[in-house]
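This report describes how the chains of one assembly are built and where they touch. Please look through the structure before reading on.

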Amino acid sequence: MAIRVNPKLIDELETYGAADVQNCYHCGNCSATCPFSKEPFVIPRRSMRNLQMGLEEKLKGTFEPWLCYYCGECSQQCPRGAEPGETMMSLRRWLTSRYDLTGISRLFYRSWKAELAALILVSLVTMVAFLVMGFSLGHGSLGVYAGAGALFPDHLVHILDLALAGLLAAVLLTNSIRMWWLTTGRNRNLHISLWSYVKNVFLLPYHFLSQARYSQCEKKLPWLTHLAIFLSWVTMEVLVILLLERFHSPETVWAAHVFGYLATIGLLGGTIYAMVGRVRKRETHYKHTHPTDWMFLILIAGAAFTGIVQHASYRWLGLDSVANIAYLIHMMFVVPLLAVQIPFSKLSHLAYRPLAMYLATLHTDALAAQEPAVAQTEPVRLAA
Amino acid sequence: MEELKIGVFICNCGSNIAHHVDVDAVREAVEAKPGVAIARSYKYMCSNPGQDMIARDIREHQLNRVVVAACSPRMHEKTFRNACRNGGLNPYLCEMANIREQCSWVHSDQLAATEKAKALTNAAINRVRYHEPLESLTAEMCPATLVIGGGIAGLTAALELADAAHQVYLVERTATLGGNLARVDLTAPHLDSARDLLTERITRVRANSRITLMLNSELQSLAGYVGNYAAIIRTKNGSGEVQERKVDVGNVVVATGYQEFDAGRITHYGHGKLPNVVTSFEFEQMLRKGRIETRHGKLPQYAAIIHCVGSRNKEFHPYCSRVCCMTALKYAHELKSANPACYVSDIYVDMHAFGKGHEDFYKTTSEVKTLFLMFEKNERPVVRKAGPNDDCEMLIEVNETLSRERIEIPADLIILMVGMEARADSGEVARLVNISQDKEGWFMESHPKLDPVATTTDGIYIAGTCAAPKDIPDTVAQARAAAARILGKIAKGKIEIDGVFAEVNEDRCSGCRMCNELCPYSAIEFNDETRRSHVIPAACKACGACVAACPSGAIKGRHFTVEQLHAQIDGVLA
Amino acid sequence: MSFEPKIVGFLCNWCSYTGADLAGTSRIQYPPNIRVIRVMCSARIEPDFVLRALASGADGVLICGCHPGDCHYSEGNYKAMRRYPLLKRMLKDYGVDNDRVRLEWVSASEGQRFADIVTDMTERVRALGPLRIKTDLQTDMVER
Amino acid sequence: MAAKKLQIALYWGAACGGCDVAVLDTNEFILDVAAVADVRFWPIAVDGKYSDVEAMSDGELDLALFDGAVRNSENEHVAKLLRAKSKILVAFGSCAYMGGIPGLANLVTKDEILATAYLSNASIEPGNQTVPRARSAVDGMTLEIPSFYRRVYRLQDVVDVDYSVPGCPPAPDQVKAVLLAVVKGELPPRGSVVGASERAVCDDCKRTKSEKKVKSFHRPFEVIQDSSRCLLEQGILCMGSATRSGCGVRCPNSNQGCRGCYGPLPGVSDHGAKFLSALASIVDSKDPKEIEHILDGLPDFTSFAYRFGMPASTLQRSYK
């Protein structure tokens, strides 16, 4: 049955950052240079083609954009300047908005002003909530940072964190299930055994933590910076959510705090490096920056900075009031980051990428099982 | 007959002959043949030293016959005839044996190839014994030229000749000049107007006193030979009655152009049935009127262009019509500039962007967001009316090669890039001026690479799309090339007629007139008083039909006499 | 050693001879049994040449011309087209198998076709065996 | 020469006697011949035995006119005998010169001829199947008859011939001219054809010739002829254009196509093939099927084309 071509899709994708996609005349250089483009995946050319022809269902039905880590090699090779790398980036944004049923991420990607407004709104609400909580309900005072009478008592914040984590997990889970359904579940002629699902489950945490795939790119620095930012962020999350009490206890528990410091350095260093890169626009993957990229970086950097200020002022300087103010601002950065950025914007890729790797393995094994192994013929060497 | 002294020269042609033919064995075999004075073998006979050797041997050994066993006579017969001429020997006393293209290159068995080479060389020796010296004749060259076809090619050729102060008769079948180019709005890739190209030429043609312009006219008959053609032109003037006019010309330039492929022949494109399926020329009319709209007068939201309509496929024409790809890109541009909101799909087989500036033009067409869809040339798309709830007039279904998907393309207006084909009546023109056509009906050039504007008939030249599909730059280049060739001949003043032609022996001719009707060039006259037939040397093309048919053997085919051929037959079987 | 027939080929200069040359430049191999004689047009080939070739030891004769309508002299090949059937009838009366004398149209671009015709004709004449007219006529002069 | 009378001899091999009668047809002229010449041997006219000729000394005869083809051993024997005995041996008439009508036998084999004549013929009583053999025993004696050759030969195939006189038979005034030439000793170089023109019959034929394009062939009786127009142009087979003149255009003047008895023009090596080449070329069609249809109008072209010269043709006989 013939699929309907929709030439209008390109216009829509331009709002997600795609540019010059129509210049591509399918010479195939990009897929030739992409280290990940191996049977049965054709990265990035197949997606470019489906995008050019506006085959929306096909585009939604593939996780190939998630297998691309934007090393930018393909964009350099492209003779027509069709920016395949950036197109894959914009496809990831578009897919994020497709997985999210609420339509919020679609709104945010389509107009960065909406997202900024949302972020500002959420941070103001957080501020008001904390202040109300702090002064009225908890009867804490500005001067007390920890222990009884603290402006922001640990257990309250803890509940808030857990609530946020629950919301975040719920949204990401539904979106991931939708991603699974779009790319694998509804695909009739793909039979993945239950055992295959179970057998490969370990891939999820493995890729989540190591971004092993990113390391296969030629240049290792992008992977390392990303790993640094990510691990620091995870450490910070673990410390804040699970070890909050100890983190806030009067005496410094060096075992926890060392990790804290390292994570902060990682976060600050990584984000600053990324921001400078995006300003200098020297590497290809920093050439094009979508507003959401800026917001994402600013939020993390802000959160990390305010976190350290709050820590230093309390731990080192004993200035509880300053610590409290810093903590307030810190929460004004953290809550929008967790509540808006993760579920409805760029950060949701932390769920989709590992899932994509997992699904890729499932697909490859299933397809290999279904079709007889096509003998990988060695290219014929003509006699000298 | 004087005592025969034959020089036999056997070429190695590097390894081309020596690889399969034992050249020395051939030399030894022929050395002892009666009449053979010397027999040599040499690496490259056609090289200068090779040719000098022939000339030197002729002088030293007083050779009166030369046999060169080497490549095909079609390749170097002229070369070795000149070598003989340089040695003081009449060039027609030379004969070649083809022991390369028809021996060493096609027979790998060395023994058989060598035996064959011996036989062929022996046959040449037998034949050359009966060769007679022949002298070429000269005839006057009339400076006037007949140009058939008033398109860009005809106009260019006519102007080129007239500007060189020579008389030109420009014959155009229709009432207007400009040909197919006049039906076009802009030209690819620089989007300059066709009208600008033509008006300048047409005004100069009309103003030039040396060009006799004959509109509504056709060539009725052409008699004579290069330098001495008599053409009868038939003109239908306004009131429908016909006048005939005889003009004397030296050369003829055929520039009759092409006709577009009838898009109706591909039924599943729906041309003629679906109103909004138009051919490229119909779209050009829209462009010339300055209004792109569907038959119902609304601006098309979706437009589709289908390439290779009638070209590059098995059923219709295997060749590429060369101009439609760039014209299609031009239409994409014009569609977009007329209505930026229009989504243009370009459905092509391969994008032939071979000319100057074409690749950039292709890139800029991509940049205006044209969607390029590729299909396999023998799996043509199918056009059908869209359903009521579709937001377009028609849907085109095709197997798209780049994505290997079967897709449906929305289209409110479909433009069919119809290919070029030879004009339906090109056969008559070919017969009138006595040139041949290839199996597609295009006029055949004398040599596809070395001699593209001349034909195998001296004095008849072809220029432009009547010879094969080509774009405007090539057409103009060919028109000027043909004009230049003619100017060269006119400047020379005389034409040299090859010494090879038929000749009636009046002592033997019985006046039976068997030969009179056989000659396609009517080169044989019958003299009523003497009741004898006579061949006009300049008109005779030496085909030999009359020589073979003369019942009393009274017509001698110079250089292809019965004795020569009999000797060659005996020689090849010896 | 199997019988190697001798075939005389009369090729017209503009089409079949050029086609044979093309078979050469394309290195298309074909049996060496054919020996080609070039004439300007198939119209020049007289039935007498065919008879003479057969009487001088040829086992087969191939006449080639341009495809009807392609002739460089526009009408030449039609003469060959007319003479050939009458010659075939005469050869039948002489008891010479018609497969031994063939008329084929070969264009300047049909190198492969020329090679195929030569190969096919060589095999057919090889199957028919030697013609032996020359030797028969010589024995006629001795044994009455 | 005046003193001694010319010693001449005539002989007929495989012949119909027409050529001998042609000599007599010179009417009173023969008396002039008799005045200047002694006819030493002429089986049809005067009695004479082979032994008389054998008794002669070599070259005793000035002229020998040999007509008729060489069909059996006797013809050859006498031919050789006359060659030895005469200064000038003339192949007189189409049979001697080209094999003539008997020569057509070369299209069939010796066995077919004997079978038709002695075995399958309607007039043979059943059971009487005797076929003559070169040697057979009769009443204790062996009876020898000349051996019947496998094919017919021309005179020049068995002996050297000085001159040839074509014609079936040669026209009387040509005979006269040849004899006078011999008497006067004005003879062209040895081996040439005498008693015929060097141009084709058309040269002497009074019929008007115009466009040679034939759409169909007919037998003379099938059409009403226009006696002023060329026969071939009316589709009636006439070999005049390919045959030497000299016969006085006897056949076309009596509304019959020339049959080519005077043989090919000088320089033409195969009479029938040359005529075929000419005739086929003027067939007015470009479609192979239509051409075959037109050629069906020539039922037995080979016999027509070589009616007088099968042994002189390139292939000389059939190879069935």
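## Chain B as a whole

A residue is called buried if 20 or more other C-beta atoms lie within 10 Å of its own, with C-beta atoms placed from the backbone. By that rule, 53% of the 574 residues in chain B are buried. The model is a predicted one.

Chain B contains 14 helices and 30 strands. Along the principal axes, its C-alpha atoms fill a box of roughly 95 × 60 × 40 Å. Of the contacts in chain B with a separation of 6 or more, 69% are between residues 24 or more positions apart.

## Which chains touch

Which chains share the most contacts? There are 4 pairs of chains in contact, and chains B and C share the most contacts among these pairs.

Some pairs do not touch. Chain A and chain C have no contact between them, and their closest C-alpha atoms lie 22 Å apart. Chain A and chain D are likewise not joined by any contact; here the closest C-alpha atoms lie 51 Å apart.

## Where chain B meets chain C

The contact between these two chains takes 38 residues from chain B and 38 residues from chain C. On the side of chain B, the elements that give two or more residues are α3 (73–86), α4 (100–104), α5 (110–129), α13 (545–549) and α14 (562–573). Of these, α14(B) supplies the largest share, 7 residues.

What kinds of residue make up the side of chain B that touches chain C? The residues there divide into 19 nonpolar, 11 polar and 8 charged.

## Where chain B meets chain D

Here 16 residues of chain B are in contact with 21 residues of chain D. On the side of chain D, α9 (201–204) and α11 (271–281) each supply at least two residues. The largest share comes from α11(D), with 5 residues.

By type, the residues on this side of chain D divide into 8 nonpolar, 5 polar and 8 charged.

## The two domains of chain A

Chain A is divided into domain 1, residues 9–99, and domain 2, residues 104–367. Taken over C-alpha atoms, the centres of the two domains are separated by 27 Å. The contact between them takes 26 residues from domain 1 of chain A and 30 residues from domain 2 of chain A.

Which helix gives the most to the side of domain 1 of chain A that touches domain 2 of chain A? On that side, α5 (73–77) and α6 (84–99) of chain A each supply at least two residues, and α6(A) gives the most, with 7 residues. The residues on this side of domain 1 of chain A divide into 11 nonpolar, 10 polar and 5 charged.

## A strand of chain D and its partners

Strand β1 of chain D runs over residues 6–12 and is mostly covered, with 6 of its 7 residues buried. With strand β2 (residues 37–41) of chain D, β1(D) pairs in the parallel sense over 4 bridges. In this pairing, I8(D) stands opposite V39(D) in β2(D).

β1(D) is also joined to strand β3 (residues 61–67) of chain D, by 5 bridges, and these two strands run parallel. The bridge partner of W12(D) in β3(D) is D67(D).

Technical notes:
Residues numbered from 1 in each chain as written. Chains lettered and ligands numbered in written order. Predicted model: local features only at pLDDT ≥ 70, side-chain atom pairs only at ≥ 80, totals over all residues. Buried ≥ 20, exposed ≤ 12 C-beta atoms within 10 Å, placed from the backbone. Contact = placed C-beta atoms within 7 Å. Nonpolar A, V, L, I, M, F, W, Y, C, P; charged D, E, K, R; others polar. Domains from an automatic or database assignment. Pairing = 2+ DSSP bridges.
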